[in-house]
Amino acid sequence: MGWFVRRLAQSLVMLWVVVSLVFLSIHFVPGDPAELLLAQDGGSPDPLMVQMLREQLGLDRPLPEQYSHNVMGILRGDLGASMVDGSSVGQEVMRRLPRTLELIAAAGILSLLIGIPAGVLSALRPRGRFSRGAAVVAGTAQSVPVFVLGTLLVVLFAQVLGWLPAGGFVPFSRDPGKHLQLLVLPAATIAIGLSAIVFRITRASMLDVLPLDFIRTARAKGVPARRVIIRHALRNALMPVITVFALQLGGLLAGTVLVETVFNWPGLSGMLVAGVNARDYPVVTGVLVVVSAFYIGLNLLVDIIYGITDPRVRK
Amino acid sequence: MKQAFQSPSGILLALILAIAFIGPLLPLADPLAMDVAARFGGPSAAHPLGQDEYGRDLLSRLVHALRSAILISGGAAMISAVIGVSVGVVAGYVRGFSEALSMRVMDVILCFPPLLLAMLAATLYGAGPSTLVPVLALVFVPSFTRVAHASVMTVRGQDYVDATRLMGASATRIIFRTILPNIVGPLFVQFSFVVVMSVILESGLSFLGLGVLPPQPSLGMMIGTARSTFAQEPWLLLAPCLSLIVLVLVLNAFCDHLRQLFDPRRESGA
């Protein structure tokens with residue numbers, strides 16, 4: 001029990017440090033932050049505008065007050081307001097986050113459906129033709145940057161073959177068919193790279209498990225081959241796969257930025273990219289805090305699952 | 001080092017480096033010179049790969065983009081390695097408070113997804129190479145620190161380190177002459193790995209318009225802008241895509257090769 005509490009406390013400290021650093025990041029910048037954010041192409045900004053922005057961002061108040069105001073705001077779920085149109089960053093994040101999560105979930109499921117069977121098959125005949133071929137495909141898949149892969153898939157399936165739409169978004173409630181059609185390409189783009197990782201880990205882990213005594217015992221007592229592989233070997237080989245997969249998912253929350261841009265998927269990334277281009281500081285930090293919190297939470301979850309299944313971790 | 005390049009991937013990498021660094025010295029067209037009358041001009045004697053949407057020479061732009069990708073990623077990896085290895089070695093050798101502090105700082109950097117950290121920096125400091133290189137360097141410092149730290153931990157307990165200390169060598173001498181040469185292998189592998197990651201990250205940021213700024217050519221940006229003109233001139237999109245894929249593939253293969261060279265126990269492809 002003590003281990004869980006310590007681990008939880010560690011995550012909370014981490015989260016606090018991240019929030020503080022993101023808050024402080026604007027103060028690390030040399031010179032006046034408000035002036036810097038408004039500066040465009042070397043021209044010096046209107047002093048009145050700078051003063052207004054300073055008040056708007058609360059930069060005219062003492063640092064400790066700004067800090068407590070910000071942190072308390074985040075605890076209440078208030079991430080501040082956009083500098084551009086004054087809209088609530090928190091609400092916008094909540095509106096867009098489900099779409100990003102949907103994309104990640106679809107890609108995650110797809111990658112498991114491809115990666116695990118491929119890894120198992122490959123481990124059964126590690127020197128076979130399938131195994132060697134799959135290793136080459138996986139190596140290539142991991143080498144292609146996601147935005148290049150996405151672009152090439154659009155070219156192939158939307159522009160040359162014309163099978164699928166090139167990008168965009170329709171809410172599921174309005175047209176489920178169209179919604180799923182638009183989901184296919186971006187989800188596949190993310191899933192291809194991810195399934196290569198799942199494949200490698202599954203294969204390596206199965207290769208570790210298959211020569212063990214309990215597999216031989218199972219075979220010797222006459223358990224059907226399929227059952228030995230799935231119920232005995234795969235079940236025991238799945239732990240590292242789950243760990244790596246979960247950690248990858250956390251990283252994906254950021255990686256989807258590129259894919260969402262390629263496919264005009266209106267998730268967090270559109271907001272983030274627009275925020276960066278307009279140098280809309282509250283928007284960028286808001287998204288950053290949410291994503292980092294997610295990432296830390298996911299890490300915590302993985303560790304806890306690990307701690308439950310493997311008591312040796314809890315030392 | 002010699003062995004490292006005596007492999008198919010090493011030869012290919014040398015070839016790419018040669019194209020990137022000797023290419024710009026050859027009498028190619030100016031990568032920035034526009035010729036709007038000849039926009040989307042197909043391949044010709046003066047422009048072997050054709051011209052882009054402003055009539056700029058595609059081949060020349062590819063070569064220059066390749067060079068800037070390698071310079072930015074290599075430079076960032078170099079800065080990152082120097083900082084990360086110093087911190088990791090000192091932390092692993094001195095131990096105690098400095099170790100705890102530096103490793104926690106690295107944990108904090110790792111909390112931020114690299115792409116998002118780069119985007120935050122672009123918001124604060126404005127996009128461009130002068131933001132890009134320090135950010136890429138910062139993002140990869142923890143990986144070097146961790147590898148250096150772990151390697152020092154295994155090496156520091158060895159008898160030959162104790163022997164050197166008993167002979168009266170100073171801490172600096174032990175670190176630079178005894179420990180560093182013995183942990184160079186894994187660091188070298190990590191370096192090649194970081195270069196690959198930087199190439200991917202840099203191209204992604206440039207694709208979003210937050211990395212290399214126009215009109216300077218960059219593979220990521222060329223892919224980003226050519227997407228809308230694919231129907232008119234597919235090669236404009238496919239050429240940078242292919243260049244980037246080949247670059248990353250070769251770098252990855254070279255990484256695998258280095259890893260086997262320094263750690264013969266590990267099998268490839270597993």
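Residues 180–199 of chain A are 100% helix and 0% strand, with their end C-alpha atoms 25 Å apart. UniProt, in an unreviewed entry, lists this stretch as a "transmembrane region", along with residues 12–29, 103–124, 136–160, 237–263 and 283–306 of chain A. Keep in mind as you explore that this is a predicted model. Below, we look at each chain, then at where the two chains touch, and finally at some individual residues.

**Chain A as a whole**

- Chain A has 12 helices and zero strands, so its pattern along the sequence is simply α-α-α-α-α-α-α-α-α-α-α-α.
- Chain A has 315 residues, and 37% of them count as buried.
- Looking at contacts in chain A with a separation of 6 or more, 70% are between residues 24 or more positions apart.
- Another of the stretches that UniProt lists as a "transmembrane region" in its unreviewed entry is residues 283–306 of chain A. In the model this stretch is 100% helix and 0% strand, and its end C-alpha atoms are 35 Å apart.

**A bent helix in chain A**

- Where does H8(A) bend? There is a bend of about 30 degrees at A:Val184, and the proline A:Pro186 follows within four residues.

**Chain B as a whole**

- Chain B has 10 helices and zero strands, and its pattern reads α-α-α-α-α-α-α-α-α-α along the sequence.
- The C-alpha trace of chain B spans about 75 × 45 × 35 Å along its principal axes.
- Of the 270 residues in chain B, 42% are buried.
- Of the contacts in chain B between residues at least 6 apart in sequence, 68% join residues at least 24 apart.
- According to an unreviewed UniProt entry, residues 66–255 of chain B carry the feature "domain: ABC transmembrane type-1". This span is 84% helix and 0% strand, and its end C-alpha atoms lie 19 Å apart.

**A covered helix in chain B**

- Is helix H9 of chain B, residues 219–226, mostly covered or mostly open? H9(B) is mostly covered, with seven of its eight residues buried.
- The buried residues of H9(B) are B:Leu219, B:Gly220, B:Met221, B:Met222, B:Ile223, B:Gly224 and B:Ala226.
- The cover over these residues comes from both chains: it includes helix H7 (146–160) of chain A together with H3, H8 and H10 of chain B.

**Where the chains meet**

- The contact between the chains takes 38 residues from chain A and 31 residues from chain B.
- On the side of chain B that touches chain A, at least two residues each come from H4, helix H5 (114–125), helix H8 (171–207) and helix H10 (234–262) of chain B.
- Which helix gives the most to that side of chain B? The answer is H5(B), with eight residues.
- Sorted by class, the side of chain B that touches chain A has 25 nonpolar, five polar and one charged residues.

**The nonpolar core**

- The largest nonpolar core has 146 residues, and those that touch the most other members are A:Ile190, A:Val284, A:Val287, B:Ala118, B:Met119, B:Leu136 and B:Leu251.
- H10(A) supplies the largest share of this core, 15 residues.
- Leaving aside residues up to four places away in sequence, A:Val284 touches A:Leu272, A:Gly275 and A:Val276 in chain A, and B:Met119, B:Leu120 and B:Thr123 in chain B.

**Two residues with a positive phi**

- A:Asn264 is not a glycine, yet it has a positive phi of about 50 degrees. You can find A:Asn264 in the loop between helix H10 (225–263) and helix H11 (268–277) of chain A.
- A:Asn264 counts as partly exposed because it has 13 C-beta neighbours inside 10 Å.
- B:Arg95 also has a positive phi, of about 60 degrees, although it is not a glycine. B:Arg95 sits in the loop between helix H3 (58–94) and helix H4 (96–111) of chain B.
- With 13 other C-beta atoms within 10 Å, B:Arg95 is partly exposed.

Key: Residues are numbered from 1 along each chain as its sequence is written. Chains are lettered from A and ligands numbered from 1 in the order in which they are written. This is a predicted model: local features need pLDDT of at least 70, side-chain atom pairs count only at pLDDT 80 or more; totals for chains, interfaces and linings use all residues. A residue is buried if 20 or more other C-beta atoms lie within 10 Å of its own, exposed if 12 or fewer, and partly exposed in between; C-beta atoms are placed from the backbone. Two residues are in contact if their C-beta atoms, placed from the backbone, lie within 7 Å. Ala, Val, Leu, Ile, Met, Phe, Trp, Tyr, Cys and Pro count as nonpolar, Asp, Glu, Lys and Arg as charged, and the others, Gly among them, as polar. UniProt positions are given in the numbering used here, feature names are shortened, and annotations may be inferred rather than shown by experiment. The bend at a residue is the angle between axes fitted to the seven residues ending there and the seven starting there. A nonpolar core is a set of buried Ala, Val, Leu, Ile, Met, Phe, Trp, Tyr and Cys residues joined through C-beta atoms within 7 Å.
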